[in-house]
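The sequence and the model come first.

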Amino acid sequence: MPLVEAVTASSPSLADLGWSEFFGDQLEASDANLIPTRIAMVHRDRLSGLSQTGQTDLSLAPQATTGDYAVGDWVLVEPHSHLVQRRLTRKTVLERRVQGGRGPQLAAANVDTLFIVTSCNADFNIARLERYLALANEAGTTPVILLTKADTAEDAEAYRKQAAALQRELAVVTLNPRIPGAASALAAWCGAGQTVALIGSSGVGKSTLVNTLAGSAQQSPQQTGAIREHDAKGRHTTTARSLHAIAGGGWVIDTPGMRTLQVSDVGYGIDTLFAEITELAPLCKFRDCTHVHEPGCAVQAALKAGTLDPERLARWRKLSDENQHNTPVQSGPRGAKSPAGRGKRR
Ligand SMILES: Nc1nc2c(ncn2[C@@H]2O[C@H](COP(=O)(O)OP(=O)(O)OP(=O)(O)O)[C@@H](O)[C@H]2O)c(=O)[nH]1
Ligand SMILES: [Zn+2]
């Protein structure tokens, strides 16, 4: 895989691999002999990681499974046995819940930026983009929407405007992943030590973009093909998750195509996404206002005044209801949040 070549060509520093004070602070004196290693690939029965010395196949203690690890995780590894001793607390974690699935699955960890990829065609779906945004906000990653296939659309600008209106200060980039210029359009989020992940439906151009970011020099069509197989419906799907080196520095994680994405436990993510509604709620007369029929409801007042989009309110309600339905009731305090109240650390 390209990541191996990229790493052996020039020994990366821990900072190049994405290490920061956040992880350094977790080291103890007794860890001195262990090697900080970043999980680069997760297979059902195998894990591999990248350290300053290159790529290594890792071994796990008998009670551990590869499902406990996400691409992008930092672990401490025994130098000789390559046994994973300990996983460091994650700065961010992307989890997904697939319809009919058993519980949330780990998609990627320690991701700085989530590129949400969609095309300027029938794939463009506001409600789905909002789900991805809620997920990114909740995980503590910065979302960026990438619009592909603008070259095949009559009015690509209309798609861009709709996407940009979904969340405050949201970056939206229109690009063709097939041309090298795509990498420079994304340079602001890709640099030494930066980790980006790609999410989006099948066929929107994620694998093409990974290839473009990795640089043509180390790519061949077979390398993209190597991580694809047919899914139940006979479609091509990217199935393995791995960390690929970006030519200009940084790392990109391709997550498998998701068709039906459910949200759960993304209350903070939804609040950030629908900030214009979240901000009105404290002005309602009742603290537990449902914003449906209550007197003195600031949300209903904004709706009447025409300052709040009724479609946004309807989608906020639907997503919030789904989130509530899917979120298990927790007995103790909610999972540890970062000091800023942002992002999950586990
Ligand atoms: N015309 C045009 N074609 C594009 C663009 N982006 C991607 N494509 C093409 O769309 C097809 C699908 O792209 P992939 O990169 O395989 O899509 P993917 O998102 O990785 O799909 P999965 O691996 O199934 O999740 C390829 O034939 C690309 O060449 C674009 O901006 N314009
Ligand atoms: Zn209200």
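Which residues of H11 are buried? In this predicted model, the buried residues of H11 are Trp316, Leu319 and Asn323. Their directions from the axis span an arc of only 75°, so they lie on the same side of H11. The face turned away from that buried side carries exposed residues, namely Pro310, Glu311, Ala314, Lys318, Asp321 and His325. The cover over the buried residues of H11 includes helix H3 (126–139), helix H8 (267–273) and helix H9 (275–278). Helix H11 itself runs over residues 310–326 and has 17 residues. From its first C-alpha to its last, H11 reaches 24 Å, close to the 24 Å expected at 1.5 Å a residue.

The wider chain comes next. It has 11 helices and 16 strands. Of its 346 residues, 38% count as buried. Among contacts between residues at least 6 apart in sequence, 66% join residues at least 24 apart.

The largest nonpolar core has 75 residues. Those with the most contacts inside this core are Ala70, Val71, Leu94, Ala108, Ile116 and Ala197. H3 supplies the largest share of the core, seven residues; helix H3 is also among the elements that cover the buried residues of H11. What does Ala197 touch, not counting residues up to four places away in sequence? Ala197 touches Leu94, Ala108, Val111, Leu114, Phe115, Ile253 and Thr255. Two of these, Leu94 and Ala108, are themselves listed with Ala197 among the core residues with the most contacts.

Asn110 is not a glycine, yet has a positive phi of about 55°. Its place is in the loop between strand E7 (105–109) and strand E8 (113–119). Is Asn110 buried or exposed? With 29 other C-beta atoms within 10 Å, Asn110 is buried, because 20 or more are enough for that class. Glu169 also has a positive phi of about 55° without being a glycine. Glu169 lies in the loop between helix H4 (156–164) and strand E10 (171–174). Why does Glu169 count as exposed? Glu169 has 7 C-beta neighbours inside 10 Å, and therefore falls in the exposed class, which takes 12 or fewer.

Asp57 sits in a strand, E3 (residues 54–58). Asp57 is exposed because 10 other C-beta atoms lie within 10 Å of its own, and the cut-off is 12 or fewer. Which residues is Asp57 in contact with, leaving aside its neighbours within four places in sequence? They are Arg46, Ser48 and His82. Arg46 is 11 residues from Asp57 along the chain, and the C-alpha atoms of the two are separated by 7.5 Å.

The average pLDDT is 84, and 81% of the residues score at least 70. For the model as a whole, the scores are ipTM 0.92 and pTM 0.85.

Methods. Residues are numbered from 1 along each chain as its sequence is written. Chains are lettered from A and ligands numbered from 1 in the order in which they are written. This is a predicted model: local features need pLDDT of at least 70, side-chain atom pairs count only at pLDDT 80 or more; totals for chains, interfaces and linings use all residues. Helices (H or I, at least four residues) and strands (E, at least two) are DSSP runs, numbered from the N terminus. Two residues are in contact if their C-beta atoms, placed from the backbone, lie within 7 Å. The expected span of a helix is 1.5 Å times one less than its number of residues. The arc is that of the directions from the helix axis to the C-beta atoms. pLDDT is the predictor's confidence in each residue, from 0 to 100. A nonpolar core is a set of buried Ala, Val, Leu, Ile, Met, Phe, Trp, Tyr and Cys residues joined through C-beta atoms within 7 Å.
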